[in-house]
Amino acid sequence: MNRIFGTTNKKPKPTLQDAIVATDTRIAGIEVKIKKLDGELSRYKEQMAKMKNGPGKNAIQSRAIQTLKQKRMYESQLAGLQQQTFNMESAAMTTDNLRNTMATVDAMQTANKELRRQYGKVDIDKIESVHYDMEDLLEQANEIQEMMGRSYGVPEEVDEAELEAELEALSAQLEEDETPSYLQDVGRAPDFIDEPPVEESATPAKLEAAKTTAYSAS
């Protein structure tokens with residue numbers, strides 16, 4: 001049936017990443033071959049170093065030259081494949097950057113449309129009116145606070161000197177109230193004494209009498 005009508009199942013085309021993987025595989029295979037040829041060249045070099053000039057040495061030298069030609073060919077292929085890999089990786093990186101840029105542009109366009117739609121619902125005049133109303137309310141609140149903070153029954157003009165004198169009198173009264181009553185009468189003569197006692201001074205006669213009495217007692 002597939003031969004008559006054909007098939008609709010088409011294989012997907014290889015991507016750039018698939019091509020990079022395939023090229024890396026080829027590069028790895030060529031590197032293995034070059035390493036093998038290096039081993040053969042080293043062996044030929046050792047053999048020629050031990051041999052004298054002659055047909056045998058010439059035969060080994062001819063093999064070494066053929067091996068070296070193969071190595072140069074593989075090295076040329078390796079350089080070309082490495083350049084291809086570099087170009088494909090650069091293209092893949094550029095493609096990824098372009099894809100990311102397009103995604104960013106799409107996101108910005110979507111955000112721009114959403115912003116336009118949202119700002120279309122905003123009434124600037126209404127916002128300004130609300131702002132003015134808020135200022136009026138705050139001003140009224142400040143006036144209410146000032147009214148509530150007023151003092152009642154206190155004259156606006158008060159004599160500071162009179163207040164200071166009253167404060168000093170109040171302080172003196174507080175000091176008297178803090179002193180106990182039994183300490184306030186210390187140093188005052190009793191009520192039944194008309195005059196306070198007067199201390200008599202010691203006369204020379206009294207001093208002489210005191211000395212005589214002390215001598216007689218001894």
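A residue counts as buried when its relative accessible area is under 20%, exposed when that area is over 50%, and partly exposed in between. Keep in mind that this is a predicted model.

**Exercise 1.** Decide whether lysine 71 and aspartate 38 are buried or partly exposed.

*Solution.* Start with lysine 71: its relative accessible area is 17%. The cut-off for buried is under 20%, so lysine 71 is buried. Now take aspartate 38, which has 28% and is therefore partly exposed.

**Exercise 2.** Work out what the salt bridge between lysine 71 and aspartate 38 ties together.

*Solution.* First, check the contact: N and O of the two side chains are 2.6 Å apart, and the cut-off for a salt bridge is within 4 Å. Next, find the helices: lysine 71 sits in helix 3 (residues 55-120) and aspartate 38 in helix 2 (residues 16-50), so the bridge ties together parts 33 residues apart in sequence.

**Exercise 3.** Find how far apart along helix 3 aspartate 96 and arginine 99 are.

*Solution.* Begin with the atoms: the closest N and O of this salt bridge are 2.8 Å apart. For accessibility, aspartate 96 is partly exposed at 38%, and arginine 99 is partly exposed at 48%.

Technical notes:
Residues numbered from 1 in each chain as written. Predicted model: local features only at pLDDT ≥ 70, side-chain atom pairs only at ≥ 80, totals over all residues. Heavy atoms only, no water. Helix = DSSP H or I, 4+ residues; strand = E, 2+ residues; numbered from the N terminus. Buried < 20%, exposed > 50% of the residue type's maximum accessible area, 1.4 Å probe, protein only.
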